[in-house]
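Colleague: I am new to this structure and would like to go through it with you. Could we start with a loop and move on from there?

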Amino acid sequence: MTKKTCYGWAGKILHLNLATGAAHEETPSGEFYRTNLGGRSLGMHVVMPHFRRQWDDPDMPIVLSAGPLTGTGVPMACTGHITSRSPLTGTVGDDTLTGKFPVTLKRAGYDALVLTGHAPEPTGLIIRDSKIFLINAENLITMETGAVFDSLEEHHELRLAKGADAAICIGPAATHGSLLAAVATDRHHLTGRGGLGLCFAAKNLHFIGVSGSEKIAVHDPEALKRANADIMRLLSASPALMGPYGIRHWGTAAFLDLTHTRRITPTDNFRHTFFALTHKVNAPAMAAQGPFKESGCPDCPVQCIKTLPDGRILPGHDALNHFTALLGNADPDMALDGVAMCFALGLDPVSAGATLACNREISGQGYGRAELSEAVRRMAQGGSLGQGSFRFADECGMPETSMTAKQLELPGFDPRGAVGTGLAYALSTRGGSHSRAFPISHEVLRKPVATDRFTFAGKARIIKLAEDTFAGVESLGVCSLALFAAGLEEYARALRAVTGPVAGKLLTAADVALAGERTCMRERIMNSGNGFHEKDDDLPGRFFSDPGTAGPDQEIPAIDRDDFLKARSAYYAVRGLDGHARPLEEKLASLGLNDDGMTDMDDGGAS
Amino acid sequence: MKAMTERYAAKLVACGLCDHEEPLVGGLDAHTFWNRENDTRRELLEPLFEPLGINSLLLARPAEPYRTIVDYLAAKNPKAIMPRDCETRTFLHDIPVCANTEHLGSLLAERKAVVVPGLGIAAKGSVSPEECFVYFSSVCFAAFVLFFSEYLHACRHKGPDQPLQTAFDKAVSGMSASRTEAPSLTIGPFEDETALYAAMAEAGRNVVGLGLVDSFFGNISCLHDNTVFISQTGSSLDELEGCIDPCPQDRSTCAGLTASSELSAHEDVYARTPATCILHGHPKFTVILSMDCTDKQCPNREHCHTACTKERKAATLPIVPGEVGTGPTGLCHTLPPALEHSPGAIVHGHGLFATGSKDFNKPFATMLHAENQCRAEYFNRVREALATLKEA
């Protein structure tokens with residue numbers, strides 16, 4: 001698209017080879033944007049031709065991509081996506097990119113940044129309004145993430161504190177080869193589950209700073225105003241987002257009390273589902289340390305990221321659960337310190353907490369403050385704990401103690417009291433994650449309506465549809481938390497106002513859902529082509545053999561294995577996969593993905 | 001899934017929203033299930049599941065008086081019906097009219113429910129047939145409010161034309177008679193939480209039973225031992241068992257995360273008044289009168305629901321602006337002050353909140369009385385308008 005006709009999108013993708021410093025700008029057509037939108041969908045599109053490459057192959061791209069709604073003023077449209085291949089799991093490796101970076105990348109002139117090659121020396125990248133600067137980062141490679149951000153402000157004139165510019169960086173965990181290495185963004189955000197920080201280290205790239213002054217053009221500002229009002233009305237009506245106990249006030253840490261009352265709190269490495277001392281470590285207990293400060297994405301009305309007066313981050317629900325109940329820890333300071341260390345070291349706190357819990361079960365020894373601190377530091381130095389619980393438990397001869405799906409540590413909702421959530425964990429293309437379909441939304445939060453959390457009835461299709469919707473929304477640059485309140489119906493209206501006709505036609509909710517479905521199928525193609533089949537779409541045996549912790553009026557039975565397998569088979573049928581989780585040819589054809597299909601895989605890079 | 005389709009088809013009939021054997025409800029998991037296997041309308045709906053990316057569909061003609069109302073509004077608005085009540089504004093946005101069933105898929109792709117002249121209302125869901133039930137019910141409610149508002153407006157201007165008058169007469173004849181006697185509800189104060197839960201469920205069932213609210217709309221709460229017990233978001237007032245959240249006022253837990261979106265308003269009412277019980281419903285004529293303002297010159301004319309500054313009343317209760325939830329124009333800012341000096345208050349285009357200091361008998365009586373007063377007042381205004389028109 002030409003600049004003149006480009007609304008919503010920046011209209012350019014920057015390809016940078018870090019080995020040579022060679023860069024070129026791609027200016028995709030309207031048809032390209034119409035099909036691939038941006039964010040997660042665009043990321044998978046770029047990675048697809050390379051899907052068999054190893055994560056550390058210099059030609060395996062890392063894609064940082066924004067969406068057409070990112071930074072347009074649409075409520076909760078502040079996000080982007082990182083896509084590559086996961087060092088931890090070997091599956092597709094992707095995560096939501098939050099903070100100021102996605103918006104600023106667009107303002108710097110790019111919808112996406114595609115990084116390949118291995119820089120000859122430790123390198124940082126700064127983009128200022130389409131100008132590229134590669135910088136020696138030798139002095140930063142052992143620094144903690146906070147110090148890297150300090151250095152970028154001090155030595156490279158990036159105005160991070162004022163929010164005018166943005167940056168992402170890796171920390172010592174990535175430099176030292178931990179498979180749990182994450183990516184820090186804007187000091188208070190951490191992304192890249194599955195070890196995506198290590199992908200940056202493999203390219204010898206330690207930070208990216210962006211500064212941009214371009215305005216993101218909107219096709220019909222008046223229509224956008226109306227669409228935004230509809231979305232804001234729904235967000236305001238959402239108890240989970242904006243209610244007095246909602247994320248707006250307590251971050252996602254609010255969920256800890258919800259899992260407590262439903263007896264689905266993963267406790268003692270998922271051996272129990274109830275943590276009696278939740279009240280000592282829940283979000284209100286953390287608030288006793290002083291009022292929270294908002295550190296969320298720019299202009300987001302929800303502001304899910306909170307910091308305490310002393311600068312420590314209020315952990316999100318999964319990290320909070322794993323540094324408290326999962327470890328049997330009722331000391332809020334110890335949890336806050338543990339998570340703060342993960343941020344400083346560039347370590348995924350969810351996988352880190354789960355791996356520590358695995359070690360606790362194996363060793364039979366708990367953690368005091370000093371032991372926890374030391375263990376986290378060792379993880380970031382790449383020791384055996386730093387390789388994640390799957391490898392660690394296997395090394396110890398107790399693989400059953402690794403509570404993972406596809407080797408990615410499970411998050412903070414126990415699947416025995418929310419079986420659809422368990423099915424979604426098992427089916428997630430990136431491993432143990434709830435962020436692909438989030439059935440907790442209807443199994444617990446009652447949105448859009450409540451479903452029975454103890455049965456699989458109807459869940460296969462619900463999960464497939466939710467996966468498509470989430471992938472679609474994440475392709476627009478909208479935070480998936482928005483789906484607690486609004487849907488594609490509302491966001492498609494905003495999209496039409498922002499972009500106007502694209503390749504001659506207005507985009508619809510169905511177009512976004514289709515982009516989401518294509519993305520999910522591409523992830524399936526990538527995984528299947530790399531040897532992931534039905535045996536990998538599974539949960540740890542503990543959930544099928546051991547019941548959860550019952551309450552006075554509440555049984556939490558073990559998951560019925562037969563019901564689970566039937567629901568998984570139903571999902572395969574709905575998704576268009578065969579019994580071994582391989583995409584069916586006819587389904588690929590119907591989605592226009594024949595060229596991405598299994599038969600062409602050998603052209604897709606080294607295996 | 002089959003059981004779910006049957007459950008919500010039966011509920012539509014039980015609520016009086018559909019006649020017996022009218023609703024067709026379908027659900028799709030790996031296979032499609034219908035509440036009625038041999039219904040020819042399946043041919044229209046079945047192909048829509050995949051392209052729409054949904055798992056539930058409903059098609060049914062509403063029962064009277066909704067059928068007459070929806071048919072009239074669809075004929076008058078061949079593209080879309082545009083109600084202005086709070087439910088529509090927040091959740092439905094508008095209600096497309098599908099004149100050609102070939103376009104049903106594309107219209108349902110963009111909206112939760114669509115009116116199909118001759119066939120009724122089609123609604124979709126991505127999680128459960130319950131969504132279809134909710135949206136169907138919302139369309140009936142919104143259409144009712146819009147229709148009676150438009151009729152009153154017509155009476156004040158050129159007078160209703162023949163199609164409108166015919167539809168009005170038929171709709172009125174299809175309405176159930178006013179219920180004037182409030183039921184005798186459990187007398188408070190409630191001894192313990194068990195008694196409190198039972199009293200809340202009882203009040204909820206009766207609100208629905210007397211037609212003061214369609215099944216989904218509304219919420220109910222009780223203050224007990226410094227804890228607000230409130231119905232969960234999206235809970236049916238006639239099925240509150242297991243759907244009440246305790247919310248301690250010391251903010252020691254976030255377990256009330258699933259509480260009604262009006263929790264903030266309820267909490268502030270308890271903070272400002274001696275009330276210990278709050279009942280909130282959407283009685284239709286109360287909602288209609290809350291939106292009936294004749295000041296054409298008002299600078300806030302297009303923004304009455306958020307910006308009205310007039311001191312207005314219906315059934316002696318104050319009417320305040322405010323939207324659902326906690327936004328800057330949320331009713332949590334306007335409702336609690338209004339309830340400081342009144343046993344009830346009406347939120348513009350939305351519904352009635354009524355308080356009691358002991359149990360739900362008084363708020364129930366307030367709501368029932370207000371709705372009956374508003375219904376009578378509505379027809380008074382119609383008569384006055386027609387008389388004025390005749391004189392002119």
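Modeller: Let us begin with A:R446, which is found in the loop between helix 19 and helix 20 of chain A. Helices (H or I, at least four residues) and strands (E, at least two) are DSSP runs, numbered from the N terminus. Please note that this is a predicted model, in which local features need pLDDT of at least 70, side-chain atom pairs count only at pLDDT 80 or more, and totals for chains, interfaces and linings use all residues. Residues are numbered from 1 along each chain as its sequence is written, chains are lettered from A and ligands numbered from 1 in the order in which they are written, and side-chain values use heavy atoms, with hydrogens and water left out.

Colleague: What is the phi of A:R446 near?

Modeller: It is near 70°, a positive value in a residue other than glycine.

Colleague: And is A:R446 buried or exposed?

Modeller: A:R446 counts as buried because its relative accessibility is 12%. Buried means under 20% relative accessible area, exposed over 50%, and partly exposed in between, with a 1.4 Å probe and protein chains only.

Colleague: Which peptide bond is cis in chain A, with A:P448 in it?

Modeller: The bond from A:K447 to A:P448 is cis, with omega near 0°. A:P448 lies in the loop between helix 19 (440-443) and helix 20 (459-476) of chain A.

Colleague: Which one is cis in chain B, with B:P189 in it?

Modeller: In chain B, the bond from B:G188 to B:P189 is cis, again with omega near 0°. B:P189 is placed in the loop between helix 8 (162-174) and helix 9 (193-209) of chain B.

Colleague: Back to phi, then. What is the value for A:D129?

Modeller: A:D129 has a positive phi of about 45°, although it is not a glycine. Its place is the loop between strand 7 (123-128) and strand 8 (131-136) of chain A, and with a relative accessible area of 30% it is partly exposed.

Colleague: Which residues does A:G212 contact, leaving aside its neighbours within four places in sequence?

Modeller: A:G212 is in contact (heavy atoms within 4.5 Å) with A:T104, A:R107, A:A108 and A:D129, once those sequence neighbours are set aside. A:G212 belongs to the loop between strand 12 (205-211) and helix 7 (221-236) of chain A. It counts as buried, at 18% relative accessibility.

Colleague: How far is A:G212 from A:K131?

Modeller: They are 81 residues apart in sequence and 9.9 Å apart in space, C-alpha to C-alpha.

Colleague: Now A:F101. Where is it found?

Modeller: A:F101 is in helix 3 (residues 101-107) of chain A. With 0% relative accessibility, it counts as buried. Beyond its neighbours within four places in sequence, its contacts include A:L64, A:I168 and A:V210.

Colleague: How many disulfides are there over all chains?

Modeller: The count is 0 disulfides over all chains, where a disulfide is a pair of cysteine sulfur atoms within 2.5 Å.

Colleague: Let us turn to helix packing. How do helix 14 and helix 16 of chain A cross?

Modeller: The axes of helix 14 (residues 332-345) and helix 16 (residues 369-380) of chain A come within 10 Å and cross at roughly 15°. Axes are lines fitted to C-alpha atoms, for helices over the stretch in contact, and angles run from 0 to 180 degrees between N-to-C directions. Helix 14 of chain A is therefore roughly parallel to helix 16 of chain A; angles under 35 degrees count as roughly parallel, over 145 as roughly antiparallel, 65 to 115 as roughly perpendicular and the rest as oblique.

Colleague: Which residues of the two helices meet?

Modeller: Among them are A:M334, A:M341 and A:C342 in helix 14 of chain A, and A:L372 and A:V376 in helix 16 of chain A.
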